[in-house]
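Here is a short tour of one protein chain. Have the picture open while you read, and try to find each part as it comes up.

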Amino acid sequence: MMWCSGLQCIFSYRPFLVQCLYPTLLARGPAFFTVNSRRSYTPQPERKRFYQNVSISQGEAGFEINLDHRKLKTPQAKLFTVPSQALALAVATEWDSQRDTIKFYTMHLTTLCNTALDNPSQQSKDQLIRAAVKFLETDTICYRVEEPPALVELQKNEWDPIIEWAEKRYDVVIGSSTSIMGPSIPQSTKDTFMSHLASYNTWALQGIEYMITQLKSLILSMGLLEKHLLVEQAVLLSRLEEEYQIQHWGNVEWAHDYDMYELRARTAAAALFVFLCSESSTVKHKLLQD
C-alpha cells in the first residue's frame, strides 16, 4: 500500500491546518462524519475497497487522483481534477486511509471537490456569494433569547465579543436582536461582506458556503477563516444554547458527543478545503509512497 510520507510536509508550516486535518482525514471511528448539505453531494453507500495504491499526477487541467491505474471520476463521470497539489495530496490521503471498506461518509474533502467539479445546483460565483451573505439575516449569534437570565448572560459574554471583532475587522455594523425577525442588517454591511467574499475563487466559495451551513453563521465562519477562532471554538459557539441545555438537563448518552464530533469534522474539512483552494501549493510533486 502506498502512503503519504509527505503529509507533514504540507502542513508543518501551518499548525492551524494540522488541527483541521487530523479530525477530518485520519479519524476512522463511528459514522459521525456524515455530510449532509442541500448543496453538496450525499456520500455514496459503503463499498469494498477495489484498489491497492493511491497516487497523484499532474494533468492539463490540474492535479488528478489515481487509484492503481484508474483515474478518479466525479459522480457525473467528470475527471476528478483539483486546482492545487496540496489538495490533491489531502484527497489522496482520504482514499488511502480507507481499509477493507470505503466509508465515503468520512471523505469530506472528496465530497466537497465533487460538489465543486459537478456543481449540482448550478450556482455561479455571484450566486454563491449572495447565498453566503444571506445567512447574515439569520445568523445564529445575532439571535438572542430574553430568558432565562443565565442564558441571556451566556450569549452576551460569548457572542458579543465575536460580533465586536467582526464589526471592527470589516468596519461594519451588525448588532443583535431578541426579535423573531432578527437584527436589521444594513445594506452597507452586506455589500462589504459581498466584496470580501468576491476575493475568493469559486472552489473556496463552495467550501465557505458549506461551512456556513454547518455553523449556521457567516460571522463564526469568517472568524474561523481569519484564524480568530479555532474549529473547536467555532463549533462550541454555534452550539451555545444546546450546551447550556445539556449543562442544566444532562447529556443524552453518546448522542450529544456524536453531534459535536460530526459538526467538528464537517467544519474542519470545510476550513481545510477553503485554505487549500485559496493558496497555491509549494509542495513538491511526489507520489504517495511508503
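Predicted model: local features only at pLDDT ≥ 70, side-chain atom pairs only at ≥ 80, totals over all residues.

Among the elements of the chain, helix α9 (residues 218-225) has the highest mean pLDDT, at 98. At the other end of the scale sits helix α1 (residues 7-11), with the lowest mean, 36.

For the chain as a whole, the mean pLDDT is 83, and 79% of the residues reach 70 or more.

## A covered strand

Now look for strand β3, residues 63-67. How many of its residues are buried? The count is 5 of 5, so this strand is mostly covered, with buried meaning under 20% relative accessible area.

Which way do the residues of β3 point? Phe63, Ile65 and Leu67 go one way, while Glu64 and Asn66 go the other, and all are buried.

## The partners of β3

Which strands pair with β3? One of them is β2 (residues 54-58), which runs antiparallel to β3 and is joined to it by 5 bridges. Within this pair, Ser55 has Asn66 of β3 as its bridge partner. The two strands form a hairpin with 4 residues between them, where Gly62 takes a positive phi near 150°.

Strand β4 (residues 70-71) is also antiparallel to β3, with 2 bridges joining them. Here Asn66 turns up again, with Lys71 of β4 as its bridge partner. This hairpin has 2 residues between its strands, and Asp68 in the turn shows a positive phi of about 60°.

Then there's β5 (residues 81-82), which pairs with β3 in the antiparallel sense over 2 bridges. In this pairing, Phe63 has Val82 of β5 as its bridge partner.

Next, find helix α4 (residues 108-118) and helix α8 (residues 202-215). At what angle do they pack? It's about 125°, and their axes are 9 Å apart. Because of that angle, α4 counts as oblique to α8.

The crossing of α4 past α8 is right-handed. On the α4 side, the contact is made by Leu112, Cys113, Thr115, Ala116 and Leu117. From α8 come Trp203, Gln206 and Tyr210.

How values were computed
Residues numbered from 1 in each chain as written. Heavy atoms only, no water. pLDDT = per-residue confidence, 0-100. Buried < 20%, exposed > 50% of the residue type's maximum accessible area, 1.4 Å probe, protein only. Pairing = 2+ DSSP bridges. Axes fitted to C-alpha atoms, helices over the stretch in contact; angles between N-to-C directions. Parallel < 35°, antiparallel > 145°, perpendicular 65-115°, else oblique. Left-handed = near helix turned anticlockwise from the far one by under 90°. Contact = heavy atoms within 4.5 Å.
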